[in-house]
Amino acid sequence: MTTAFASSSLFHEKARTNPLRSRSDVASFLTSILDALEPCTSPNGARIHLGYTATHFDEVAAQLEGFSRPIWGLASLIAGGGSYDGASRWRSGLASGTDPKSEEFWGNMRDKDQRMVECSAIGYALSVAGQELWAPLSETAKENIGNWLGGMNDKEMPNTNWLWFRVFANLGLSKVNSPRADAKRIKADLDHLDTFYIGNGWSRDGPEGIVQLDYYSSSFAIQVAQLLYSKLAQKEDPNRCEEFRNRARMFALDFIHYFDSEGRAILFGRSLVYRFAMSAFWSALAFALDPSNGDDGVNYSLPAPLTWGVIKGLQLRNIRYWAHTQPGAFDRSGILTLGFAYPNHNLLENYNSPGSPYWACKAFICLALPETSLFWTEEEEDYPASLLNTTKVLKHALQITTNIGGHTYLLSSGQQCSYPVKQSAAKYGKLAYSAAFGYSVPVASLTLEELGGDSTLAISGDGEETWKCRRVTKEARFEGTGERQWLRSMWYPFPDVEIETWLIPPTLDAPLWHLRVHRIRMRNGDRVLSTAEGGWAIYGQGQDERALEPVQDGEQSESEGTFAAEGIARVVSRAGVAGIVDLSPEATRKGQALRTDANTNLIAARAVLPVLRAGYEEKDTDIYLVSAVFGLPFDLGDRNKNKGWMVEWMKRPVLPKEILERISKK
């Protein structure tokens, strides 16, 4: 068998061989990441230049991102009793970046300025590592830092999680006794942020009417900010801090369902270039609930089934996933790339600069805990057995998560970004999102191959010149009762076309299948609809690393390759099995194993997508499409575990009787 040459580097080899199980292991990994930034750092340390791609904001702010975001890790390392030889680069950078007379001055704040975002990491650093990063500075430098951070206090900010950045700027200034700290501003911002709270631990990323509860509601921003604040402001604001801890306890029991037993997190929403920041909630939870340096009378308990070993496992498995199995996340020198599992500009937002990925350093907040803390002294534990083979309804997120059969994913209806964001239909509007198979984004706007139409129903009304997918979802709700609930929503790809969609999670009787039902109605007109419904996109190469070929033994074969026939499409590769079967009342769709354009899928740069395709002309009548979607990620460590999946494939899921009755009344 021939295989492609895989280039490696000293950084990649160190990351791959680092066990990442102890505090010193994690500190070593962070140190390698920080070391890689040194050649890219300006003479006085205030700017880190990592590339030449642009953002909607200016280049100075982009280089400030490169400076500030690694501080999440650096400050945590110092706070937990560690040290870093290159810390002086950031100390010097704080002084020169805030000095109006310096050539490396970052510039003063303006309304809704990207510089505001970077104040959060700096405020955190002043709060937990002030002795190293603040105390040695001159009085002039301290005054400049205070003036620069305090310069945001009278500026307009977006009505989103951004308000937390100002809270942390002022919190940091208060911790170092700067006269520019504004306690009234902290309270006003926190009072307003509390209006985002909607119950059961969840906060939306904005005011009432916003239906956006992505990773910014958890690890990227709100939950992490609340947890850090609850530890750092306990003496000044005890009641709010206790409320934040209680919210986190509730939220944790939902959020754990986003993670699988291998350490992977479900891909959903924007800013996935932040990568292992997806797991930062667990580091922040450990930091906030660690009782070793806590205050008397504070409840630091963990909610069952969470233990210190479970939290440790959730965080470290995710870091290991990136360090051990995703070399494309870093270039040869150790710089984080713009992409996800590999460099990929197709998923980027217009605010992603080359320094943006270092938001990932929030995952290193666990280093703020000393070696003697419960997080580091307790043995790492597996994913809780009581949560395996379960389905969880997340009522606020309008999602249903499941790991039944060993595949962790969610079904989603109702979320959407509150403002224009690149690839929003792919990031929020798909029907399902997976931890193992991820999701795909378009690379262009014409062919189905360019669309990356996994886990969605793609619609064309112009002879397949262009395709549209669900983006804006209306009337989303849960239906069913008890243990059998599902999602229902309406969406309108064209003014004269309405689609009602139901998403039904798997059951133990057919654990690797979920169901989708679409009712399509076209009003009078000349439009002819083409439809293409995609299952999971999956790695599309064989053991010889060449494109998968059709299997020779038909549907019953477990061999690697593709299979497509009337009403069925399936792909088998080293990544697993993905398939889709037409269960429609009038099954007329044809199966296709579609090789999507390169770099559409965020996990597999070369992917194949099982698709069902058909065309419709009927007007003023309901067309029902029923699809069963199969997904089985393979165990890469033990190939013998991957055999025998045909037994599960031959099962077929059953629709809830309520939906069956609806279809039968057509």
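Arg-110 sits in the loop that links helix 5 (87–97) to helix 6 (114–133); helices here are DSSP runs of H or I, at least four residues, numbered from the N terminus. Bear in mind that this is a predicted model, where local features need pLDDT of at least 70, side-chain atom pairs count only at pLDDT 80 or more, and totals for chains, interfaces and linings use all residues. Residues are numbered from 1 along each chain as its sequence is written, and side-chain values use heavy atoms, with hydrogens and water left out.

So, is Arg-110 buried or exposed? Exposed, with a relative accessible area of 64%. The cut-offs are under 20% for buried, over 50% for exposed and partly exposed in between, using a 1.4 Å probe and protein chains only. Setting aside neighbours within four places in sequence, Arg-110 contacts Met-116 and Lys-155, contact being heavy atoms within 4.5 Å.

Now compare Arg-320, over in helix 13 (residues 308–325). Arg-320 is buried, at 9% relative accessible area. Not counting residues up to four places away in sequence, Arg-320 touches Pro-19, Leu-20, Arg-21, Thr-325 and Glu-380.

On to the nonpolar core, meaning buried Ala, Val, Leu, Ile, Met, Phe, Trp, Tyr and Cys residues joined through side-chain atoms within 4.5 Å. The largest one has 157 residues, and Trp-164 and Tyr-229 are among those touching the most other members. Helix 6 gives the most to this core, eleven residues. There's also a second, separate core of 26 residues, including Trp-513 and Phe-630.

Definitions and conventions: Helices (H or I, at least four residues) and strands (E, at least two) are DSSP runs, numbered from the N terminus.
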